[in-house]
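Please look at the sequence and the model first, then read on.

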Amino acid sequence: MRRKGKTGLPSSSGRDFNMRSSSPPTQDLGRHLSALCVYRHAARTSVVTMPTYKLTYFDAKGLAEGIRLLLSYMGKDFEDNRLAFAMDPTSPWHKLKSELKYGKLPVLEIDGQQISQSTAICRYLADEAGLLGANAWENLQIDIIAGSVKDLAAGLAAIFAEQNADTKAEKLKVLKETTVPFYLNIYDDTVKDNNGYLANGKLSWVDLWFLGYAETLEAVVEEPIFDKNGSTNAPNLCTERKN
Ligand SMILES: N[C@@H](CCC(=O)N[C@@H](CS)C(=O)NCC(=O)O)C(=O)O
C-alpha cells in the first residue's frame with residue numbers, strides 16, 4: 001500500500017518526499033508532470049470559443065432579414081454575404097446554387113456548417129436567444145403565424161417568377177387588393193389581442209421574422225404597411241414595429 005508523503009501525493013518509493021528533501025525521485029516528478037498536463041489540457045478545452053456565423057442571401061431583405069434581426073438581437077457578429085440574383089447559368093449565384101443541398105437561399109453557416117430553411121434557422125437561433133415559446137402550445141402559436149407568412153411569401157414569389165407581363169400585373173393586383181389586406185387584417189387583430197406581439201403576448205422569433213419580411217412586402221406592393229405616423233390600415237402592427 002502506498003503511503004502519502006507530506007505533499008499529500010502518494011510516494012511510490014515508500015519514503016516521504018517534501019519540499020525540503022533533496023531532488024524528488026524521477027517517477028514522482030513524472031507523476032507530478034502528468035497531473036499538470038491533465039490540468040492544463042482541461043483548462044485549454046474549457047476555454048469558450050465563439051462560433052462564427054456567415055449568412056448568405058441575395059441583396060434583399062426577404063427571407064433573410066428575420067435571421068439578420070435575430071443575430072443582431074443576440075449581439076452576434078456575422079458575415080452578411082449578399083449575392084446578386086441572376087438568371088445567367090454562369091453567374092456566381094448559379095455556381096453556388098449547384099453546390100447547395102436544397103439549391104435555395106438563405107443559408108446560414110455556423111462554424112462552417114451549412115444550415116438552410118429560414119424558419120428552421122430562426123427556431124434554432126431563437127432557442128439560444130430565449131425567443132421560443134415556453135411550451136409546445138406557445139410554439140404552435142408561433143408556428144401558425146410563421147406558416148401563414150410563408151403562404152404570403154409564396155404568393156409574392158409567384159409574382160417574381162411570372163414571365164408574362166400581363167399575368168404578372170394581374171397577380172400583383174390580386175396580391176395588393178386581396179391577399180395582403182387579408183393577412184394584414186388577421187395580423188393586426190392578433191397583435192391587438194397579444195399585448196402588441198404576434199403570439200403569446202410576448203416577443204418571439206416570429207415577430208422579428210415577420211417584421212423582416214414585411215419590409216419586402218411593402219416594397220413589392222409599393223404601399224406602406226408601417227407608417228411612421230401610425231396611420232395605416234394596420235395600426236396595431238405599427239405599434240408592434242415600434243416595440
Ligand atoms: N423554404 C425555403 C425557401 C427558400 C427560397 O425560396 N429562397 C429563394 C429566395 S427567397 C431562392 O433561393 N430562390 C432562388 C432559386 O430558387 O433559384 C426557406 O424558407 O428558406
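A crossing of two helices is called left-handed if the near helix is turned anticlockwise from the far one by less than a right angle, and right-handed if clockwise. Helices (H or I, at least four residues) and strands (E, at least two) are DSSP runs, numbered from the N terminus. By these terms, α2 passes α7 in a right-handed crossing.

This is a predicted model, in which local features need pLDDT of at least 70 and side-chain atom pairs count only at pLDDT 80 or more, while totals for chains, interfaces and linings use all residues. Residue numbers start from 1 along each chain as its sequence is written.

**The chain as a whole**

- The protein chain contains eight helices and six strands.
- Read from the N terminus, its elements follow the order β-β-α-β-α-β-α-β-β-α-α-α-α-α.
- A residue is buried if 20 or more other C-beta atoms lie within 10 Å of its own, exposed if 12 or fewer, and partly exposed in between, with C-beta atoms placed from the backbone.
- Of the 243 residues of the protein chain, 23% count as buried.
- Two residues are in contact if their C-beta atoms, placed from the backbone, lie within 7 Å.
- Among contacts in the protein chain between residues at least 6 apart in sequence, 57% join residues at least 24 apart.

- Two packed helices are described by the angle between their axes and the distance between the axes.
- Axes are lines fitted to C-alpha atoms, for helices over the stretch in contact, and angles run from 0 to 180 degrees between N-to-C directions.
- The axes of α2 (residues 65–73) and α7 (residues 205–221) come within 7 Å and cross at roughly 130°.
- Angles under 35 degrees count as roughly parallel, over 145 as roughly antiparallel, 65 to 115 as roughly perpendicular and the rest as oblique; α2 and α7 are therefore oblique to each other.
- On the α2 side the contact is made by Glu65, Gly66, Arg68, Leu69, Leu70 and Tyr73, and on the α7 side by Trp205, Leu208, Trp209, Leu211, Gly212, Tyr213 and Glu215.
- By class, this contact of α2 with α7 has eight nonpolar, two polar and three charged residues, where Ala, Val, Leu, Ile, Met, Phe, Trp, Tyr, Cys and Pro count as nonpolar, Asp, Glu, Lys and Arg as charged, and the others, Gly among them, as polar.
- The buried residues in α2 are Glu65, Gly66, Ile67, Leu70 and Leu71, and they pack against β3 (53–58), β5 (107–110), α4 (118–129) and α7.
- Gly75, with a positive phi near 75°, follows α2.

**Gly62**

- Gly62 lies in the loop between β3 and α2.
- Gly62 is buried, with 22 other C-beta atoms within 10 Å.
- Not counting residues up to four places away in sequence, Gly62 touches Tyr57, Tyr213 and Thr216.
- Gly62 and Ala214 are 152 residues apart along the chain, and their C-alpha atoms are separated by 8.2 Å.

**Backbone details in loops**

- Leu105 and Pro106 are joined by a cis peptide bond, with omega about 10°.
- Pro106 is in the loop between α3 (92–99) and β5.
- Asp111, in the loop between β5 and β6 (113–116), has a positive phi of about 50° although it is not a glycine.
- Asp111 is exposed, with 10 other C-beta atoms within 10 Å.
- Asn195, in the loop between α6 (165–193) and α7, has a positive phi near 60° and is likewise a residue other than glycine.
- Asn195 is exposed, with 12 other C-beta atoms within 10 Å.
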